[in-house]
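Work through each one yourself, then read the solution step by step.

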Amino acid sequence: MKKVMIIDDEPSICSSLAFALEDTYDVVTTTDPEKGLAMIAEDHFDLCLLDLRIGNVDGLDVLKQIKQTRPSVIVIMVTAYGTISSSVEAVKEGAFSYITKPVNMDELFTAIEQAFHYRELSDQVEYLSQELEKKYRYEGLIGKSEAMQHVFRMIEKVKKVDTNVLITGESGTGKELVARAIHFAGKRKKEHFEVVNCAAIPDQLLESELFGYEKGAYTGAVTAKEGKFQLADKGTIFLDEIGDMPFNLQAKLLRVLQDKKVTRLGSNKPEKIDVRVIAATNKSFEEVIQNGEFREDLYFRLNVLQIPLPPLRERKDDLPSLMDHFIRLFNKELGKDIKGFTKEAKKVLLNHDYPGNIREFSNIIESSMVLADGGMIELSDLPPGIKQGLTIPSEDSGTLEKYVGLTLKELETKFIMATLEHNEGHRKNTAKMLGISERSLRDKVKALEE
C-alpha cells in the first residue's frame with residue numbers, strides 16, 4: 001500500500017483527508033511541518049499533501065526541503081489561498097499539482113491517481129533508459145585484451161563531455177557500437193542518436209540528408225524536411241565513414257561545427273543547434289589529406305579526441321569470450337540451444353584472421369548456428385571459406401612465395417578479384433572483408449576494368 005503524508009495546520013482537515021484516503025492508502029498526518037519533514041527524512045513516503053500556509057510557515061519552503069531531502073516524494077499543494085502565481089511557483093519548485101480548499105474529494109482522488117500514474121511512467125522511462133545504457137554501453141565491445149581495455153577507458157573519459165570524438169579502425173571493428181556506447185552512457189542519452197553513413201549516400205543527396213531542405217529547394221522537394229543535424233539537436237550525430245565525404249561538402253560541415261548553426265538547402269535562415277559530433281573512418285587521414293581528398297582544418301576539428309579500435313586479428317585472446325557472447329545472443333534470436341564448438345571447429349575459428357573483423361566473426365557464428373543440428377557446432381557447419389583456410393597468409397606460412405615478383409598493383413588486383421569471387425560478386429560483403437568502403441571498392445574495380 002502506498003504511503004501518504006498530510007501536512008496541514010488544521011486538525012479537522014487532516015482528519016477528513018485521512019478518513020477519505022485511509023481505505024486506499026497508508027496515511028500519516030501532522031500539523032507540525034518540522035515533524036512532517038523529520039518523518040519524511042526517516043521513512044519512505046510516496047506522496048505528500050501539503051498546505052500552502054501552515055501557521056506562520058510558508059508551504060513553499062517546506063516543499064523545497066522535501067524535494068532536497070526526498071526528491072522522489074510526489075507533492076500536491078492544498079490551500080485556501082489559491083492564486084495563479086502561487087500555483088506556478090509551487091510547480092516550479094517541484095509540486096506535481098495544486099488544488100484548493102474546500103477540497104473536492106473526486107478532484108483529490110483524480111489528482112493522486114494522475115500523480116502515481118505519472119510516477120509509474122517516469123519510472124518506466126528511467127528503467128528503459130538504464131536498459132538502453134546497458135544494451136548499448138558495451139554491447140559487442142567484449143574483450144579483456146589491453147587494446148580493448150584502452151577503448152573502455154576512453155569511453156568512460158569522453159561519455160560525459162561534449163568534445164568531438166574521432167573513432168578509427170578497420171571496417172567491422174565496431175566503430176558504431178563505440179559511438180552508441182558514448183551516447184547512451186552519457187548525459188545526452190535521452191536525446192536522439194542519428195547515424196549518417198557518408199559513403200553510402202550519393203554525393204548529391206548527402207547535403208540535404210545532413211542539413212535538410214525547404215519546399216521547392218530542388219526538383220522533387222515537395223515539402224520541407226529536417227536534416228540529421230536538426231533531428232539530433234540536444235543529442236548526438238554519428239558521421240560514419242567521414243573520410244568518404246565529398247570535398248565540396250567538407251567546407252559546409254566545418255562551418256556547421258564552428259558556428260553551431262545549420263542552414264537548410266533553399267533557405268537563408270540559419271538554425272541554431274546543440275549537437276555532439278562523433279565521426280568514424282577506416283581510412284588513413286594522413287594519406288587522404290596528403291592526396292588532397294580531405295580538409296586538414298576539418299580533420300583537426302573532428303579529431304579532438306581519437307579512439308583507435310584494434311582489428312580482431314590483433315586481439316585473438318578475446319575470441320573465446322566473443323564466441324560465448326554471440327552464442328548466447330543467437331541462441332535467443334534463433335531459438336537454439338547451442339553449447340559451443342567442437343575442438344576442430346574451435347581451432348579453425350581461432351586460427352582465422354578475420355579481415356572483416358567483428359562483423360565477419362558474428363556472421364560466421366550466426367550462419368554456423370543456423371546449420372548446426374546438434375548442441376555443438378561441428379567443423380562441417382562452418383562456412384566453406386573458413387574451412388578452406390581463406391585467411392590472410394602470414395610471412396612464415398610458406399604461401400607468399402608464388403607472389404614474389406608481382407608489383408603491389410598486381411597483387412592488389414589479384415586479391416580484390418579473389419575476394420570478389422569468394423563472395424560470389426557481392427560487393428558489399430567484399431568491401432567489408434577488405435576493410436574498405438563500398439565507394440572505394442567501386443572505384444578500384446572501375447579502375448581495373450579500364
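**Exercise 1.** Find which residues of helix H7 are buried.

Solution. Start with the helix: H7 spans residues 175–184. Next, apply the cut-off, where buried means under 20% relative accessible area with a 1.4 Å probe, protein chains only. The residues that pass are Lys175, Val178, Ala179, Arg180, Ala181, Ile182, His183 and Phe184. That is eight of its 10 residues, so H7 is mostly covered.

This is a predicted model, in which local features need pLDDT of at least 70, side-chain atom pairs count only at pLDDT 80 or more, and totals for chains, interfaces and linings use all residues. Residues are numbered from 1 along each chain as its sequence is written, and side-chain values use heavy atoms, leaving out hydrogens and water.

**Exercise 2.** Work out the strand order of the open sheet and name its edge strands.

Solution. Read across the five strands: E2-E1-E3-E6-E7, with parallel pairing (two strands pair if DSSP finds at least two bridges between them). Then look at the ends: E2 (26–30) and E7 (97–100) each pair on one side only. Inside the sheet, E1 (residues 3–7) pairs with E3 (residues 47–51) over four bridges. In one of them, isoleucine 6 has leucine 49 as its partner.

**Exercise 3.** Describe how helices H17 and H18 pack.

Solution. First, take the numbers: H17 (residues 408–422) and H18 (residues 427–434) pack at about 130°, with axes 9 Å apart. Because angles under 35 degrees count as roughly parallel, over 145 as roughly antiparallel, 65 to 115 as roughly perpendicular and the rest as oblique, H17 is oblique to H18.

Notes. Buried means under 20% relative accessible area, exposed over 50%, partly exposed in between (1.4 Å probe, protein chains only). Axes are lines fitted to C-alpha atoms, for helices over the stretch in contact, and angles run from 0 to 180 degrees between N-to-C directions.
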